[in-house]
Amino acid sequence: MNNDEELLLKKLDSLVTNIKWGPKEVSDLFKALLKRYEKSTNDKLTNLVSWMIKMLHCIEIHYISPCSKYNGKKTLLELVQDESVTDETIKKFLAEDKEKTLDEILDEIRQEHLNQVDGLLEDVRDIVSTFHIKDRNDDSVRRELKNTLQELCCAVEKTFKYKPRLTQMVSWCLMALSKTGRLIQVGTGEGKSCIVAMFAAFRALRGEKVDIMSSSSVLAERDFGEWQRFYKLLKISVDCNTNKLNEELKKCYECKVVYGTAEQFAGDWLRHHFHREDILGQRTFQCAIVDEVDSLMLDKGHHMVYLSSDMPALQHLNPLLAFIWNTVNQYGKIDTKTVVGPKHLCCQVALESIKGEDNDFITFQIAEDTGILTKGSVENLRKNHGSLTLLSVNSSVTVKELAEFFNRVEQRFPSCHFALYCINSSGTIEELNKEGEGEDGEAQRVSLLLSSGGLCQYMYSDESTALRAAEEEVRSALRFTPCELSLAEIICYVPGFFSDLVKSKLNVWIKNAFYAQTMTKDHEYVIEKHGIVPVDYSCTGVVENCMKWSDGLQQFLEMKHESKLSDMTAITNYMSNVGLLQKYGNQIYGMSGTLGKQVETKTLQKIYDGIKTCQIPSFKRRKLFEVEGVVVSNEEEWVEKICDAVIAQTTRTSYRDPRAVLVICETISRANIIHQALGDKVKEKSLYINNNMDNSSIFSKELKAGEVIIATNLAGRGTDLQITEEVKRAGGLFVVQTFLPENARVEAQAFGRSARQGAPGSAQLIISSSHLSDPIQMLLLTRNHLSLMDDLLNLTKLNQHLFVKQIKMYQKSPNNKRFEDMSSILEQILTLKSEPEINLAKDGRDSSVAHKLSSYLESDIPNIKKKEELFNQYLDELDDLYKSNNNKPAASDLSALNEFWGMWLLTSFNAKDSTEELKGRLKRDLDAARLKLRQRESPSSNLYHYIGFGNDLREKGNFAESIDMYTKAIEQDPCWGAIAYYNRAFTTLKQQNRAQSRDCISQALDDLKNALKSVQLYCDQIQVTYRFSKQHTENHSSDSPSRIHKHFTARYSVLSFFKENITEAIKKVERSRDMGGNVKVEESLIYFMVPLGYLLPSFNLSLETLRVTHSRNPLKRQQLISDPSFDILNEIRCLESLGLNCIYTLDTIFSLGGFFSKIGRTLKTKKSSD
């Protein structure tokens, strides 16, 4: 097909596909254009096709529909048919860029059936059209609204030198007239920030407090800065709550209007009510205005904001998590379904199948006879009483010999049946003993994958079976203390007070370890200076610096990349976005460029009572042309199609100049792939993939012709890209969406970067079916199979060739028959057009969205409400605790109760239980916990609580009671009692300071030795954690110490300094005992335990921290605190929070009397023994 004729046909087809022309309407337009060209030229029609392409391109970029009218009179077809109208006049009509009238705007609102305007439009018309006119017939409400609107419009004009548009005033009126909340869809680039400020000012002028929630702190600060002068003119106090200290926040919330993010509003509420910091003062939830409301209410409605809780004892779970990670990484898929486990010696596997029989030596003999074990192995085993370490495996054993071994085991032990497999030379799974099935069938057989060297692996038919096997292996290595300590290297010791938590969560942790294996860098997460950080890749593309995954997933990813290992957390306070917004009752107002489809708006109305929606038309006709989407079968073709589209749009053609292009990719890694693939083909290109980078250069200038931005969803919602006039004339910004977005709203947000404020623009989806979900892939595959027969009968391609042939012949020899034939063929082509694959994929996506929203309503929302009711109940309990202690409860009591509550949520919350059942159970458990606290007992049997109680008593000088608390801690779990032993030793010595009895000295000495032994367990478990976490990482090539190595070195070093302090104390006490003296106890800050040289780097960095704190940059603060130079300091603080809040040094005091007393006791002892 000739390129020009093919392009012409494509342009005509796009009118049907993308601008909703009918086939007959396109055919009529084609005929009118042909006749027009014939009458306007004297040449032989040689330029007909190129002229027609230019005309169609103008129609396309200005999005002209068949019913669009020039000056409200003639349609495009009528203009083309009118010989008195010049081509230039037609082009002027196509490029017409007038603002809509008030009547046109209201008519469009009225015609949209989803709009809930409840007869308000006549009031809106009257207020907007006559607000500057005094009318005595107005009632007081309407007069007030008109006066307020006039005042607000004047303030806007004085501030920005422009008047609010009609669409902005209509939006304001609809919200001002609404007695309950209203969500308004305002197109991208239509001035939402102006509507927000005007409505906030209106509510503030009525004496209300208004909270404005932006989608990011950057946008909140930007809007606050831009509109500050507007509020000042109206004498309305305003502030922004981001990046402020507590005192500044208190002043901020005294203002009438506060800009901020939902996370900050929720966090400040938690600080006020949970941490008891007086931040909010008397402010209540009166009116919320939410920007990008659909994202906050739907996509992030279930997101929880919580303040970090100090629970350092959770570091005891790190060895278990490391062992889980090590175990899970020994499992892997060998095809789409089959999973294989760790490699085992074949003898061990055979013995596991021979249940209840003492046949070890028989099995080993079979192994020796078949060449698995070297000659003489069994004899050595008998001589050394069955020590398996003496087994010598023949490393050259083949798979065939292994199969023979298992066949002989089956013959010797009829109860054993094995299904044996290997990976053959072609890389596929091959069964080796099909004829060897047991009598009871395949279900009785143990499936094994054999490999050389005498090793084999269990095979599992699905992931759930493999998960159960991994769980059994983990449980076999798990020991709860107190227990007898073993020298075995694969034992994980966990304090007994965590037993309920481990039993309830172990399965979840193992699932997350398997999931962490499948996650990839620059997709679900990135690696930043401050660690592994989640990416909201499916919705906003934001790198979420303040977010961490729960249930071990964060820790598994940190081990995967040898990052600093964080401790697990137990959430003790929280607020969801849904919970925050529901506090405003029916006074929630919001705006977005994309409220979504009917199913989404109905979901919002079910969650938020009384809320209504309305879609506001654009102030000018929108000119977004959506090029028909493309679905390709593989990634290689996908990259090629994207590059072709980008190059085509940035290259000058016969009918347009080069354009600018925005490419939006689903993930950072795919954006990098496209950026690399474009290479030198596109000179002017930039990446916008990470909000932690300085991206100011992208937004500081207009995009010129030929420029390309390759981005993630970061460039979607909220991004305003400016383009030059040259690009606008060429057709505007071209957006390439390279994946099927999670929902239609995310898609619309991406396309909304183009065709803003009446400018032309285009967008296209180019997706790979390999990137789609399994159900959608199956849908497309089924459709393709069904369409094979249809393609054989489809005459479209034949008609396309006929059309091209006819138009070529017509240019050479025009006549009426060819004219009619071309038009008829064109109409057939456009009528017989099949449904594009992209539409099928979107239908599958939309169906999935509906299912998710249904689940969100039926499951997620009730669970959120249950948890928030429980949290409110716990807040009431905290209120009582504060009141009963004159608002000054002991820090140890508060910490113990908070920890109990956090652990209760993890172990006792069951989503299947009713709210009443949960609240009743929580009430009983909290009552029991409070009773224990009053009796100086730990609510959760946590030895660290007793250490905390003891420290409180010691600081008050109650040494005897303090010693009792340390003793309770030791009785609870002596294995981890290092700090309790240490504190008890020195409190005992301090109780009798400088005059210790012999028993006192002996008791302290025993405690210090036990403390030393216990610290060694801490050190051993650090080594266990490090060893297991290191065995399966992604950074094997690096020669420099990994981040996890530096972290564990710091943790081990601090414990070593603690051991040195204990060892030195033991020497002093022993010397005092031997010399009959006493000891003087000196108390110091824990930081003096560490040599100054280890702390200097953190002190130096602290100066930088002060500068960063002053700059109010939260990201830089996180990066600094996570620097390795702070590791020693952080580990000291960790020990401090476990109860080692000071360290002790001893001076030995000798006296002559004590010396002779010692000699006397020695002689007396000797005489007694004689």
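Reader: Where is Ser-941 found?

Author: Ser-941 is in the loop between helix H35 (915–934) and helix H36 (943–955). This model is a predicted one. In it, the phi of Ser-941 is near 55°, which is a positive value in a residue other than glycine.

Reader: What makes Asp-522 buried or exposed, given its relative accessible area?

Author: The relative accessible area of Asp-522 is 16%. The limit for buried is under 20%, and therefore Asp-522 counts as buried. Asp-522 sits in the loop between helix H21 (499–518) and strand S17 (525–528). Although not a glycine, Asp-522 has a positive phi of about 65°.

Reader: What about Asp-223: why does it count as buried or exposed?

Author: Here the relative accessibility is 5%. Since buried means under 20%, Asp-223 is buried. This residue belongs to helix H11 (residues 217–233). Leaving aside residues up to four places away in sequence, Asp-223 touches Ser-193, Ser-214 and Tyr-259.

Reader: How many residues does the chain have, and what share of them is buried?

Author: The chain has 1170 residues, and buried ones make up 53% of them. The chain holds 44 helices and 29 strands, and its C-alpha atoms fill a box of roughly 140 × 90 × 55 Å along the principal axes. Among contacts with a separation of 6 or more, 73% come from residues 24 or more positions apart.

Reader: What makes H1 and H3 roughly parallel or roughly antiparallel to each other?

Author: The axes of helix H1 (residues 3–18) and helix H3 (residues 48–61) cross at roughly 30° and come within 10 Å. Angles under 35 degrees count as roughly parallel, and H1 and H3 are therefore roughly parallel to each other. Their crossing is left-handed. Among the residues that make the contact are Leu-7, Leu-8 and Lys-11 of H1 and Met-52, Ile-53 and Glu-60 of H3. By type, the contact residues divide into nine nonpolar, two polar and four charged.

Reader: Which strands form the open sheet of seven, and in what order?

Author: The order is S5-S6-S4-S7-S20-S3-S21, with parallel pairing. At the edges are strand S5 (238–240) and strand S21 (612–616), each of which pairs on one side only. From one strand to the next, the twist averages 15°.

Reader: How do you know that S4 and S6 pair?

Author: Two strands count as a pair if there are at least two bridges between them. Strand S4 (residues 210–214) and strand S6 (residues 257–261) have five bridges, in the parallel sense.

Reader: What makes strand S3 mostly covered?

Author: Strand S3 (residues 182–186) has five residues, and five of them are buried. Arg-182, Ile-184 and Val-186 point one way, while Leu-183 and Gln-185 point the other way. In a regular strand the side chains alternate between the two faces of the sheet. S3 runs parallel to strand S20 (residues 588–592), joined by four bridges, and Arg-182 has Tyr-589 as its bridge partner there. S3 also pairs with S21 in the parallel sense over five bridges, where Gln-185 stands opposite Gln-615.

Reader: Why do strand S22 and strand S24 stand where they do in their sheet?

Author: Their sheet is open and has six strands in the order S22-S27-S26-S23-S25-S24, with parallel pairing. Strand S22 (623–632) and strand S24 (685–688) each have a single partner strand, so one side of each is left without a neighbour in the sheet and they stand at the edges. Helix H26 (residues 668–678) packs on this sheet and touches S23, S24 and S25.

Reader: Which peptide bond is cis?

Author: The one joining Thr-481 and Pro-482, with an omega of about 5°. Pro-482 lies in the loop between strand S15 (478–481) and strand S16 (492–495).

Notes:
Residues are numbered from 1 along each chain as its sequence is written. This is a predicted model: local features need pLDDT of at least 70, side-chain atom pairs count only at pLDDT 80 or more; totals for chains, interfaces and linings use all residues. Side-chain values use heavy atoms; hydrogens and water are left out. Helices (H or I, at least four residues) and strands (E, at least two) are DSSP runs, numbered from the N terminus. Axes are lines fitted to C-alpha atoms, for helices over the stretch in contact, and angles run from 0 to 180 degrees between N-to-C directions. Angles under 35 degrees count as roughly parallel, over 145 as roughly antiparallel, 65 to 115 as roughly perpendicular and the rest as oblique. A crossing is left-handed if the near helix is turned anticlockwise from the far one by less than a right angle, and right-handed if clockwise. Contact means heavy atoms within 4.5 Å. Ala, Val, Leu, Ile, Met, Phe, Trp, Tyr, Cys and Pro count as nonpolar, Asp, Glu, Lys and Arg as charged, and the others, Gly among them, as polar. Buried means under 20% relative accessible area, exposed over 50%, partly exposed in between (1.4 Å probe, protein chains only).
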